[in-house]
Amino acid sequence: MNHRCCLTALGVYTPEHILSNNDLCALVDTSDEWITSRTGIRFRRKMADTETTSDMAVAAARQALERASLQVSDITHIIVGTCTPEKLCPSVASLTAGKLGAGHCMAFDFNAACSGYLYGLSICRGLLLAEPQARILLICAEAMSRRMNWSDRSTCVLFGDGAAACVLSADANAPLAVLRDVLCAGDGSLGRLITFGGGTEHVRNVGDPIGEDYFLQMQGREVFKHAVRRMADICQEALSRNGLSIDDVDVLVPHQANMRIIEAVGDRLHIAPEKVFTNVADYGNTSAASVPLALDDALGKGAILPGQRVLCTSFGAGLTWSAALMEF
Ligand code: ACO
């Protein structure tokens, strides 16, 4: 039996509308200088009012299928990582299957916030062990703008919308990449550091007002410290359990949340800055979609080449964190 987890193709979708830092100055008391110097973010995408999370998922999935030269009928599972589903039920995966005409697929969502892509790779690796014939569409789609408090300058400048998809299988002939290892961790005792509500925690009645807790709330400084420590530590763990050192890594693709976090993780890992891929300036933090959007961007720009070893890492609400080693 072949135990490989192969990435056949990536597909992406980002909404057309670009929000610049200056656009945000019209909404909250901020400045391009503050946002750029504290976060490295210059632009982020914002979905149209009529767009949904599954619309973005479908667009990314279609591109991945086209690039993989596959039909919808070839897919066996649709798995969506998202913390911003359009409804709690039906899942984004079910809605996506419906829109793609993939009613034969197993379809479900999971929520690991910004760690969604790497958690998804771990889920799919396990599925492919059990079902080597599976061809899985792993999609990460996030409608972060729908959960922003647009009067909270400490959060609304940080996030953007977008989606990315990939096809995973055990038997690809010429895969885009092979997943060598993936590690995932989480700790709900620190969950209060990043929250948004809208679940079943409180008894609600028809007509109740929406409170601030519906929107994303974050203790930025605390999150910053945990993000740096957790991502650096889990990367070290992934390297050492595979008998590798940071010198064996050609490209680091970290979660694109904040340039200062990315630089601090790079410093801790002692990796040369030119080996660290970033596109946070253009998209902000797109949560689960962040790492696969960055992978696709890096491939498009020639920053990842065939034969290279790539280390990915992510950190997000939960708290959750993870690392993955891939060979392109
Ligand atoms: N414009 C201008 N001033 C601002 C803004 C803004 N957009 N936001 C905050 N400030 C102010 C604050 O009010 C504060 O003012 P005060 O000193 O008068 O009280 C001052 O700037 C400093 O605020 P801090 O929060 O201490 O600023 P910091 O340097 O820590 O940067 C930031 C804030 C960018 C949020 C940083 O803490 C950060 O990046 N944290 C991590 C966020 C992250 O990466 N999250 C990823 C996971 S999210 C997920 O998984 C869904």
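The exercises below trace the sheet of this predicted model.

**Exercise 1.** Determine the strand order of the open sheet and which strands lie at its edges.

*Solution.* Start with the order. Nine strands line up as β5-β4-β6-β7-β1-β8-β13-β12-β11. The pairing is mixed. Now look at the ends. β5 (106–110) and β11 (251–254) each pair on one side only, so these are the edge strands. Ignoring direction, neighbouring strands are turned by 25° against each other on average.

**Exercise 2.** Work out how β11 joins β12, and find the partner of P254.

*Solution.* β12 covers residues 309–316. β11 and β12 run parallel, with four bridges between them. For P254, the bridge partner in β12 is T313.

**Exercise 3.** Describe how helix α10 sits on the sheet.

*Solution.* α10 spans residues 290–300 and packs on the sheet. List its contacts next: β1 (6–13), β6 (135–142), β7 (162–169), β11, β12 and β13 (320–327). Then take the direction. α10 makes about 95° with β1.

**Exercise 4.** Follow the pairing of β6 on either side, using C140 as the reference point, and decide whether β6 is mostly covered or open.

*Solution.* Take β4 (residues 77–81) to begin with. β4 and β6 pair in the parallel sense over five bridges. Here G81 stands opposite C140. Move on to β7. Eight bridges join β6 to β7, and these strands run antiparallel. In β7, A164 stands opposite C140. Last, judge the cover. Seven of the eight residues of β6 are buried, and β6 is mostly covered.

Technical notes
Residues numbered from 1 in each chain as written. Predicted model: local features only at pLDDT ≥ 70, side-chain atom pairs only at ≥ 80, totals over all residues. Heavy atoms only, no water. Pairing = 2+ DSSP bridges. Helix = DSSP H or I, 4+ residues; strand = E, 2+ residues; numbered from the N terminus. Axes fitted to C-alpha atoms, helices over the stretch in contact; angles between N-to-C directions. Contact = heavy atoms within 4.5 Å. Buried < 20%, exposed > 50% of the residue type's maximum accessible area, 1.4 Å probe, protein only.
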